[in-house]
Amino acid sequence: MSLERRVFEVDLWKPIGARLGIDLAIVAEGTHSLDGSQRGLLVEGISPDGLIGAYNASCENPDLKIQSGDHIVSVNDVEEVLQLASELRTAEHLRMVVLPGASAPEDRGTSWLQQQQQQQ
């Protein structure tokens, strides 16, 4: 596993009624976005029984797993924060652009938000 994970894309089909199984926080400030706009959805937790947990379990490359501290910065080409959340809830096909959190994989127990709070 590399120490620096790069932006990656996750392509999933979400059956009607399926749960993603992730806890998200809206981020309006910070440094984690593709275009510097400092917006996105911060992944705060992942349930192993949700769709994202199943994706992670089947993903052989650890650098392509969605993890706590990562930011979802685009879903189906939508980048506006409130619309991101809506797209995750309603779309059957999810093409997500994920920006890995600032921590190295070995430090994944502490989310990016927690690290920022500790530095203040």
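Buried residues, meaning those under 20% relative accessible area (1.4 Å probe, protein chains only), make up 46% of the 120 residues in the protein. The model is predicted: local features need pLDDT of at least 70, side-chain atom pairs count only at pLDDT 80 or more, and totals for chains, interfaces and linings use all residues. Residues are numbered from 1 along each chain as its sequence is written, and side-chain values use heavy atoms, with hydrogens and water left out.

**Fold**
- Three helices and five strands are present, taken as DSSP runs numbered from the N terminus (helices H or I, at least four residues; strands E, at least two).
- Their order from the N terminus is β-β-β-α-β-α-β-α.
- Of the contacts (heavy atoms within 4.5 Å) between residues at least 6 apart in sequence, 65% join residues at least 24 apart.

**Helix 2**
- In helix 2 (residues 81-90), the buried residues are V81, L84, A85 and L88.
- These buried residues line one face of the helix, because they fall within an arc of 95 degrees seen down its axis; the arc is that of the directions from the helix axis to the C-beta atoms.
- They pack against strand 2 (22-27), strand 3 (40-46), strand 4 and strand 5 (93-99).
- The face turned away from the buried side carries L82 and T90, which are exposed, that is, over 50% relative accessible area.

**D70**
- D70 sits in the loop between helix 1 (51-58) and strand 4 (71-75).
- The relative accessible area of D70 is 0%, so D70 is buried.
- Its side chain reaches the backbone nitrogen of Q67 at 2.9 Å and the backbone nitrogen of G101 at 2.9 Å.

Key: A polar contact is a pair of N or O atoms within 3.5 Å; within protein, one must be able to donate a hydrogen and the other to accept it, and residues adjacent in sequence count only if both atoms are side-chain atoms.
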